[in-house]
Amino acid sequence: MISNKPAGFWIRFLANLIDGVLILMLAAIVAVLIGEENFWYQWNNDIDSTSESVANLFYSITFIIIFTASKFMGSPGKLACRIKVVNVDGSKISMLKSIGRFFSYVISALPLLIGFMIAGWNEEKKALHDMICKTRVVYRNE
């Protein structure tokens, strides 16, 4: 039996919120570096800026996929919330599983983000993408 306590919906939500803020900060830095003026006006109209796309791609690959498969076992948001992603046996997940888990977020988002909300409704606190990839999000013991 795994000794780590499962992380529920709200702590996972907070971790994703932190990651979102970090992506926004990274996008602002990229916008300044490339001189992208429409970044600062995108909230008034639904324009996807180049800097936002670059920041999302960089953050997703580096901090969500690679960090999750590394010794960190989670994104910066998960690290800040003291939770981690593990296999069902508690071991570190592989890079391939991390990539699969990232792309499984799409399935969790359809329809109406219900796949993410499932983490609040089941005893093991697993979201749909955790069930698909046979992973768990648990609190860190250190």
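Modeller: Helices here are DSSP runs of H or I with at least four residues, strands are runs of E with at least two, and both are numbered from the N terminus. The structure is a predicted model, in which local features need pLDDT of at least 70, side-chain atom pairs count only at pLDDT 80 or more, and totals for chains, interfaces and linings use all residues. Residues are numbered from 1 along each chain as its sequence is written, and side-chain values use heavy atoms, with hydrogens and water left out. N4 lies in the segment before α1 (9-34).

Colleague: Why is N4 called buried?

Modeller: Buried means under 20% relative accessible area, exposed over 50%, and partly exposed in between, with a 1.4 Å probe and protein chains only. N4 has a relative accessible area of 12%, and therefore counts as buried.

Colleague: What makes the approach of the N4 side chain to the side chain of N141 a polar contact?

Modeller: A polar contact is a pair of N or O atoms within 3.5 Å; within protein, one must be able to donate a hydrogen and the other to accept it, and residues adjacent in sequence count only if both atoms are side-chain atoms. The N4 and N141 side chains make such a contact at 3.4 Å. The N4 side chain also reaches the backbone oxygen of Y139 at 3.0 Å.

Colleague: Why is Y41 called exposed?

Modeller: Y41 has a relative accessibility of 52%, so it falls in the exposed class. This residue lies in the loop between α1 and α2.

Colleague: What makes the pair of Y59 and F63 tilted?

Modeller: Rings of Phe, Tyr and Trp (its six-membered ring) pair if their centres lie within 6.5 Å; planes under 30 degrees apart count as stacked, over 60 as edge-to-face and the rest as tilted. The structure holds 10 aromatic pairs. In the pair of Y59 and F63 the centres are 5.0 Å apart and the planes stand at 45 degrees, so the pair is tilted. Y59 and F63 are four residues apart in helix α2, which means a separation of about one helical turn.

Colleague: How do you know that Y59 is buried and F63 partly exposed?

Modeller: Y59 has a relative accessible area of 3%, and is therefore buried. F63 has 21%, so it is partly exposed.

Colleague: What makes the pair of F67 and F72 stacked?

Modeller: The F67 and F72 rings lie 4.7 Å centre to centre, with 20 degrees between the planes, and the pair is stacked. F67, at 18% relative accessibility, counts as buried, whereas F72, at 33%, counts as partly exposed. Ring pairs link F58, Y59, F63, F67 and F72 into a cluster.

Colleague: Which peptide bond is cis, and where is P111?

Modeller: The bond from L110 to P111 is cis, with omega near -20 degrees, and P111 is in the loop between α4 and α5. L112 lies in the loop between α4 and α5 and has a positive phi, near 55 degrees. With a relative accessible area of 71%, L112 is therefore exposed.
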